[in-house]
Amino acid sequence: MLTSPTATPAAPVAPATPDRVLTGDRPTGPLHLGHYFGTLRNRVRLQNEGVDLFLVIPDYQVLTDRDVAEHLGEHVEGLVLDYLAAGVDADRATIFTHSAVPALNQLLLPFLSLVSVAELGRNPTVKDEIAHSRQAAVSGLMYTYPAHQAADILFCKATLVPVGRDQEPHLELTRTIARRFNERYGPVFPEPRTLLSEAPLLLGTDGTKMSKSRANSLVLKATSDETARLIRGAKTDATRLISYDPEHRPEVSNLVLLAALCQDRDPHEVAAEIGTGGAAALKATVTEAVNTYFAPLRARRAEYAQDLGHVRQLLREGNRRANEVAEKTLTEVREAMGTTY
Ligand code: TRP
């Protein structure tokens, strides 16, 4: 092939800076299949592709809920077990509780100086949580936790944060804080991108949103029998011919989808195979699919649960790594602010 003498040589392709991914789950109870198919398995996929993954367990954030706060230790341990069971590898990913990382928490103070009370007050997710909270008085933590979340994200200079749509106001605040800090003190923080997860894929067994606080969740750690019982009680309809039609038959379609996700098949195909078998055949298929798919995960969880000392050790190691990263960032922050004494 002739190359024109004027052709400019291809620019050397700079390797794209790999993303550091940070996300987390409130330690409020066991993770369910909605979490698993919605985000958890994607995180494990990212980790296995070599992405540097940080998982924060925001144990200070949940102090806004007194009932949860009373069982914090249990919830944290359960969450670590769910992560490990789902395939998070504590050697590669950093699992940590933010309360154990003092330098991360210290970032909160300069960060709070960069946002106004009015900005904190008009965060729609916080407003919604206040409207639904059962507390008599709203604590200061409720208004400031999004700034704390900015510290969760910025302490390790995460560039990509996979979360649901409700978290977008917090991510916007995080970018605002990063930008204002950099403008005032010099470049320290990247502005992280949001990786929006799809709308929740799965409904609860009653056809409403699958939620830790409703008795409609299929939790990861459930036994086969518990799973069978929950699916047996799931809401369906009276039409015998099973189809996949989420708009007109949300409950039936949700069960079909669950089986399809577990079998890695097309939901229409799953529905066609059940045909006129009705709700009973559908539920038998779903129970079998869920219990088969999650058997290895549940076995792994049970194995880890036998040695909680080891699980706590993995968390301590994650906390140690997070502290190392946080102290380095705090040093940069102090230098940028001129507060190295
Ligand atoms: N606010 C998140 C939630 O309610 C939890 C969370 C805290 C988080 N810090 C985070 C999520 C940092 C992503 C990144 O679910």
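**Cavities and strands**

Trainee: Which residues line the second largest cavity?

Mentor: This is a predicted model, and a search of the whole structure finds two cavities of 30 Å³ or more. The second largest cavity holds about 30 Å³ of space, and the residues lining it are Val80, Ala90, Ala93, Ile95, Leu314, Leu315, Gly318 and Arg321.

Trainee: Which helix gives the most to the lining of that second largest cavity?

Mentor: By class, this lining has six nonpolar, one polar and one charged residues. The element that gives the most to it, with four residues, spans residues 308–337 and is helix 13.

Trainee: How many charged residues does the lining of the largest cavity have?

Mentor: The largest cavity has a volume of about 40 Å³, and its lining includes Leu202, Met210 and Asn254. Sorted by class, that lining has six nonpolar and three polar residues, while the number of charged residues is none.

Trainee: How many residues of strand 2 are buried?

Mentor: Strand 2 pairs in the parallel sense with strand 1 (residues 20–24) over five bridges, and four bridges join strand 2 to strand 3 (residues 94–97), again in a parallel run. Strand 2 itself covers residues 52–57 and is mostly covered, the buried count among its six residues being five.

Trainee: Which residue of strand 3 stands opposite phenylalanine 54?

Mentor: Strand 1, helix 1 (residues 33–48) and strand 2 make a right-handed β-α-β unit, and within strand 2 phenylalanine 54 has leucine 22 opposite it. In strand 3, the residue opposite phenylalanine 54 is threonine 94.

Technical notes. Residues numbered from 1 in each chain as written. Predicted model: local features only at pLDDT ≥ 70, side-chain atom pairs only at ≥ 80, totals over all residues. Heavy atoms only, no water. 1 Å grid on protein atoms, 1.4 Å probe; cavity = no way out; pocket = protein on both sides within 12 Å on 5 of 7 lines; lining within 4 Å. Points joined across faces, edges and corners; volume = space filled by probe spheres on them. Nonpolar A, V, L, I, M, F, W, Y, C, P; charged D, E, K, R; others polar. Helix = DSSP H or I, 4+ residues; strand = E, 2+ residues; numbered from the N terminus. Buried < 20%, exposed > 50% of the residue type's maximum accessible area, 1.4 Å probe, protein only. Pairing = 2+ DSSP bridges. Right-handed = clockwise from strand over helix to strand, strands pointing away.
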